[in-house]
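Have the coordinates open and follow along.

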Amino acid sequence: MSRPLDFCACGRAKNPLDASAIHPESYAIATAVLERAGLDLKTPPAERAEPLNALLQRYTVAQLAAELGTGVPTLTDILEQGRPPRSRSA
């Protein structure tokens, strides 16, 4: 079965987002979310939960999506990818 290369989670990727389920068209939004949380692409996922949760204490997902010019479903998917599995329900 073939998979589109856009969604390939490759371990040798130059961009850390290439190893996520985030679509390349949403990389700018994902980067902006990390920056607003005081993080960057090099921040290990295990260290992202607290800053991302703090960001969501300041904004609703709808507010943040509107400010970033994206839809709520896209932002929700990005936020789920940005946090390790244990903190996703937080």
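Before we start naming elements, one bit of bookkeeping: a helix here is a DSSP run of H or I with at least four residues, and helices are numbered from the N terminus. Keep in mind too that this is a predicted model.

With that in hand, go to the end of H1. Just after this helix sits Gly-38, which takes a positive phi of about 80°. Now back up into H1 itself. Which of its residues are buried? They are Tyr-27, Ile-29, Ala-30, Val-33 and Leu-34. These residues cover an arc of only 165° around the axis, so they end up on the same side of H1. Look at the other side of H1 and you find Ala-28 and Glu-35, both exposed. And what does the buried set pack against? H2, H3 and H4 are its partners.

Step back to the segment before H1, where Ser-26 has its place. Is Ser-26 buried or exposed? Its relative accessible area is 13%, and because buried means under 20%, Ser-26 counts as buried. If we skip its neighbours within four places in sequence, Ser-26 is in contact with Thr-74 and Ile-78.

H2, residues 49–58, can be read in much the same manner. Ala-49, Leu-52 and Leu-55 are buried there. Their arc around the axis is only 125°, which puts them on the same side of H2. Over on the other side of H2, Glu-50, Gln-57 and Arg-58 are exposed. The buried residues of H2 pack against H1 (27–36), H3 (61–68) and H4 (72–82).

For a view from H3, pick Ala-65, which lies in that helix. Leaving out neighbours within four places in sequence, its contacts are Thr-70, Gly-71, Val-72 and Leu-75.

In soluble globular proteins, nonpolar side chains tend to be buried together. Here the largest nonpolar core has 17 residues, and the ones that touch the most other members are Ile-22, Val-33, Leu-52, Leu-68, Leu-75 and Ile-78. Which elements give two or more residues to this core? H1, H2, H3 and H4 do, and H1 gives the most, with five residues. Zoom in on Ile-22 for a moment: not counting residues up to four places away in sequence, Ile-22 touches Leu-17, Tyr-27, Ala-30, Ile-78 and Gln-81.

The largest pocket comes out at a volume of about 250 Å³. It is lined by 17 residues, and those closest to its centre are Leu-17, Ser-20, Arg-48, Gln-81 and Gly-82. H1 and H4 are the elements that give two or more residues to the lining, and the largest share, four residues, comes from H4. What is the lining like by class? Twelve of its residues are nonpolar, four are polar and one is charged.

Key:
Residues are numbered from 1 along each chain as its sequence is written. This is a predicted model: local features need pLDDT of at least 70, side-chain atom pairs count only at pLDDT 80 or more; totals for chains, interfaces and linings use all residues. Side-chain values use heavy atoms; hydrogens and water are left out. Buried means under 20% relative accessible area, exposed over 50%, partly exposed in between (1.4 Å probe, protein chains only). The arc is that of the directions from the helix axis to the C-beta atoms. Contact means heavy atoms within 4.5 Å. On a 1 Å grid over the protein atoms alone, a cavity is a set of points where a 1.4 Å probe fits but cannot get out, and a pocket is an open set with protein on both sides within 12 Å along at least five of seven lines; lining residues have an atom within 4 Å of a point. Grid points are joined across faces, edges and corners, and a volume is the space filled by probe spheres set on the points. Ala, Val, Leu, Ile, Met, Phe, Trp, Tyr, Cys and Pro count as nonpolar, Asp, Glu, Lys and Arg as charged, and the others, Gly among them, as polar. A nonpolar core is a set of buried Ala, Val, Leu, Ile, Met, Phe, Trp, Tyr and Cys residues joined through side-chain atoms within 4.5 Å.
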